[in-house]
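Please look through the sequence and the three-dimensional structure below before reading on. The paragraphs that follow lead from the chain as a whole to a few of its side chains.

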Amino acid sequence: MRLLLRNWHLKLAAVLLATVLYTGLVFSGSFSEGSTELAIGTAGQPDNAFVLSGAPGTVAIRYRAPNETTPNLSPESFRATVDLSAYAMERAPEPQNLPVEVVSVIDGVEIISRDPATVTVELDRLDEKTVPVEVDYGEIPDRLEVETPDVSVETVQVRGAASLVARVDRVVARVIIDESGIDVERSVPLEPVDIEGQPVQNVDPQPATASVRIDVQATETNKTVPVRPDIGGGTPAPGFALESLTVEPSVVTLRGLPEVLSEIDEVLTEPLDIDGVSADQTFDAALVLGDGVRLAQASAEPTVTVTAAIVPSVSSRTFVVGVVCQGAGDNACLPAIDQVTLTLSGPGETLSGLDAGAVTPTVDAAGLDPGIHELDPSINGLPDGVELLGVSPGTVSVTIVAPTTPSPSPTPSPTPTPTPTPTPTPTPAP
């Protein structure tokens, strides 16, 4: 102890001198000060937490370092961080001020100040929920129409801060319909939006994209046209004819492009065969629809019911025949014309079997006095279903002639006896 206290005043003076010398050395330039700006990092983020806002940004610092160290200093020589573990999660997502910690990675460097000393941070708990996928194709170009979009997923999970996830109403796949009318088929990013359609940032959908397919086609219109049965082959059996055709439905509504429908005034059925039939026929006939045309009612079958009414055929036939007088008795009945023209109607088969002898007209001369009379010709005994349509001319002029009285026969004269002629004598030969 005595040794330590020996010459203590000299030792104290030496310490004071060293202090003065050190202080002089510092103020004489052995140390220098500087400043720089650093990006602030984060550390200690709690599990199941999400940074809502308050990105640390940057901090301006001042430092002091030995002169020999200063040339080697750079922003990378320092580290600025905010410890997120200091955030009180029980008060999330309330804004909270957390200190900015700055350290030098090089020994001997002193941090004099930092600005800002704290940053405001908002953390929130992570959450997730399932939301539907909606396709937004915006305004459709004129003369185009689209089918219902086909999306690879109908719902997705969105994950993020609980306060943000709560705002998400759906995710939207945005596509553009090209004026060329090309079908849409592509992978599209999914964007979370709120109930008003406004984007909600910092929320991640899973999956983040969806495949969208939209059939695009030119705008179609409707047109209602009549249906016409196509009797394409054959005729009914002899003696029968097609009386009428009934179609149910009688009109159909077509759908197609306006330029295609403008050329269509009716729709034909497939060809229907009535060859040799003798009774009504019913067909389930397919409609003949051209390219680019379909029935407006998608569920309707492109067929109609056609009923063909078959009846015995009715036709007419003309005969040129002579006129026969009846009832003249002993009088002569002399028609002024040799022939009249008869027109008959009835079943074709019956008319074709008639001959002139079966339809000869007569005039009734019974009780008529001699002279000229105008009589109406008539015809009797026509087959069933055959009617007389007309006679030309409608009346016939006939002459009734009474029989002549015979003259008395003369008495015959006696026949004279002939005189015999003498026989000549032959002359002898010389």
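A residue counts as buried when its relative accessible area is under 20%, as exposed when that area is over 50%, and as partly exposed in between, with a 1.4 Å probe and protein chains only. By this criterion, 28% of the 430 residues of the protein chain are buried. The model is a predicted one, in which local features need pLDDT of at least 70 and side-chain atom pairs count only at pLDDT 80 or more, while totals for chains, interfaces and linings use all residues. Residues are numbered from 1 along each chain as its sequence is written, and side-chain values use heavy atoms, with hydrogens and water left out.

The protein chain has five helices and 30 strands, where helices (H or I, at least four residues) and strands (E, at least two) are DSSP runs numbered from the N terminus. If a contact is taken as heavy atoms within 4.5 Å, then residues 24 or more positions apart supply 71% of those contacts in the protein chain that have a separation of 6 or more.

Among the individual residues, Asp124 can be taken up next. Asp124 belongs to strand E7, which covers residues 118-136. Which side chain of opposite charge is nearest to Asp124? That side chain is Arg125, 5.2 Å away, and Asp124 is buried yet has no salt bridge; here Lys and Arg count as positive and Asp and Glu as negative, whereas His and the chain ends are not counted, and a salt bridge needs a side-chain nitrogen of Lys or Arg within 4 Å of a carboxyl oxygen of Asp or Glu. The side chain of Asp124 does make a polar contact, at 2.7 Å, with the side chain of Ser163, the term meaning a pair of N or O atoms within 3.5 Å of which, within protein, one must be able to donate a hydrogen and the other to accept it, residues adjacent in sequence counting only if both atoms are side-chain atoms. Leaving out residues up to four places away in sequence, Asp124 touches several others, including Phe50, Leu52, Met89 and Ala161.

In the whole structure, a search finds 16 salt bridges. In one of them, Glu134 is paired with Arg170, and their closest N and O atoms are 3.3 Å apart. This pair links distant parts of the chain, since Glu134 is in strand E7 and Arg170 in strand E11 (residues 170-174), 36 residues apart. Glu134 is partly exposed at 34% relative accessibility, whereas Arg170 is buried at 15%.

Arg255 forms a salt bridge with Glu145, the closest N and O atoms being 3.5 Å apart. Glu145 lies in strand E8 (residues 144-146) and Arg255 in strand E18 (residues 251-256), so the pair ties together parts 110 residues apart in sequence. Arg255 also forms a salt bridge with Glu220, again with closest N and O atoms 3.5 Å apart. Glu220 lies in the loop between strand E15 (216-218) and strand E16 (221-233), so this pair ties together parts 35 residues apart in sequence. Both Glu220 and Arg255 are buried.
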